[in-house]
Amino acid sequence: MSAIFNFQSLLTVILLLICTCAYIRSLAPSLLDKNKTGLLGIFWKCARIGERKSPYVAVCCIVMAFSILFIQ
């Protein structure tokens, strides 16, 4: 089943995208800073969410990991 049709899988993909973009921006900031518009701007926006809302993203990752490991 595609992640688009399963809500929990969609949330997992979004969380992984946010965490990955924030990690890539911490390693190479110039890679995502030049792409603030267009399709690649989504990655820049995900990196900003990961940086600014990192406590909330971390809590969501922990809750998602708990639900994947113990509830499914």
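A contact, in these legends, means heavy atoms within 4.5 Å. Everything shown here comes from a predicted model, in which local features need pLDDT of at least 70, side-chain atom pairs count only at pLDDT 80 or more, and totals for chains, interfaces and linings use all residues. Residues are numbered from 1 along each chain as its sequence is written, and side-chain values use heavy atoms, with hydrogens and water left out.

View 1. Helices here are DSSP runs of H or I with at least four residues, strands are runs of E with at least two, and both are numbered from the N terminus. Along the principal axes, the C-alpha atoms fill a box of roughly 40 × 25 × 15 Å. Of the contacts with a separation of 6 or more, 56% join residues 24 or more positions apart. The chain exposes about 5,500 Å², with carbon and sulfur atoms supplying 73% of that area; the areas come from the Shrake-Rupley method with a 1.4 Å probe, and for residues only the protein chains shown count as cover.

**View 2. R25 sits in helix α1 and touches residues that lie beyond its sequence neighbours.** Is R25 buried or exposed? At 14% relative accessibility, R25 counts as buried, since buried means under 20% relative accessible area, exposed over 50%, and partly exposed in between (1.4 Å probe, protein chains only). Leaving out residues up to four places away in sequence, R25 touches L32, D33, W44, A47, R48 and E51. Across the chain, 19% of the 72 residues count as buried.

**View 3. Helix α1 has a buried side and an exposed one.** L15, I18, C21, A22 and R25 are the buried residues of α1. Seen down the axis, they fall within an arc of 130 degrees, so they line one face of the helix; the arc is that of the directions from the helix axis to the C-beta atoms. An α-helix has 3.6 residues a turn, so residues three or four places apart point the same way. Turned away from the buried side are the exposed residues L16, Y23 and L27. The cover over the buried residues of α1 includes α2 (29-33), α3 and α4.

**View 4. Helix α4 covers residues 54-71.** UniProt lists residues 54-71 as "transmembrane region" in an unreviewed entry; such annotations may be inferred rather than shown by experiment, and positions follow the numbering used here, with feature names shortened. At 1.5 Å a residue, the 18 residues of α4 should span 26 Å, and its end C-alpha atoms are 25 Å apart, which agrees; the expected span is 1.5 Å times one less than the number of residues. V57, M64 and S67 are buried in α4. They cover an arc of only 90 degrees around the axis, which puts them on the same side of α4. P55, V59, I62, L69 and F70 are exposed on the other side. The buried residues of α4 pack against α1 (7-27) and α3 (41-52).

**View 5. The largest nonpolar core has 9 residues.** A nonpolar core is a set of buried Ala, Val, Leu, Ile, Met, Phe, Trp, Tyr and Cys residues joined through side-chain atoms within 4.5 Å. Its members are L15, I18, C21, L32, W44, C46, A47, V57 and M64. Helices α1, α3 and α4 each give two or more residues to this core. Not counting residues up to four places away in sequence, L15 touches V57, C60, C61 and M64.
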